[in-house]
Amino acid sequence: MTYSYDDQNIFAKILRGEIPNKTVLETKHALAFHDIQPQAPVHVLVIPKGPYVCYDHFALHATPDEIVDFTRAVGEVCKLVGVQAGDNGDGFRLISNSGDNGVQEVPHLHVHVLGGRRLGRMLQKVG
Ligand code: 5GP
């Protein structure tokens with residue numbers, strides 16, 4: 001399977017410092033920042049610094065170092081913004097929209113960390 005990365009996407013521009021962001025955490029291989037249009041009291045995006053289009057691209061082709069760093073960054077972000085599910089926290093939802101059916105708008109892998117209120121059903125019931 002091939003993946004074609006467009007380096008003019010908005011998150012590539014954020015990574016190059018061409019567009020500002022409200023950073024929550026930066027690690028060797030990841031950047032986390034507040035979503036510009038939050039859909040919950042806590043809405044943080046975590047992205048890898050590498051040119052990965054979507055979750056499956058990253059999961060299949062990233063190095064172990066990148067995967068560990070990114071995964072740990074998600075955990076750190078949850079703690080930093082106070083939505084962790086452990087330590088009596090209230091918890092959160094992690095979403096990664098990928099491709100057309102996933103309704104992914106920005107073609108650079110990102111996970112949404114959503115929390116700060118009870119989020120309701122994950123998807124609408126069909127029928
Ligand atoms: P997607 O639909 O691709 O999963 O989510 C893209 C997310 O990126 C949306 O929640 C949108 O609000 C966010 N977003 C789009 N442009 C920008 C931007 O320039 N800065 C930030 N911080 N978030 C953005």
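## A buried histidine

His-108 has 0% relative accessibility, so this residue counts as buried (under 20% relative accessible area, with a 1.4 Å probe and protein chains only). His-108 sits in the loop between strand S4 (92-95) and strand S5 (111-115). The side chains of His-108 and Tyr-5 are joined by a polar contact of 2.6 Å. Within protein, a polar contact is a pair of N or O atoms within 3.5 Å, where one must be able to donate a hydrogen and the other to accept it, and residues adjacent in sequence count only if both atoms are side-chain atoms.

## About the model

This is a predicted model, in which local features need pLDDT of at least 70, side-chain atom pairs count only at pLDDT 80 or more, and totals for chains, interfaces and linings use all residues. Residues are numbered from 1 along each chain as its sequence is written, and side-chain values use heavy atoms, with hydrogens and water left out.

## Around the ligand

Now let's visit the ligand.

Which atoms of Asp-35 and His-110 come up to the ligand? A polar side-chain atom of Asp-35 lies 2.5 Å from a ligand oxygen atom, and a polar side-chain atom of His-110 lies 2.8 Å from an oxygen atom of the ligand. For Ile-36, a polar backbone atom is 3.3 Å from a nitrogen atom of the ligand.

Notes:
Helix = DSSP H or I, 4+ residues; strand = E, 2+ residues; numbered from the N terminus. Buried < 20%, exposed > 50% of the residue type's maximum accessible area, 1.4 Å probe, protein only.
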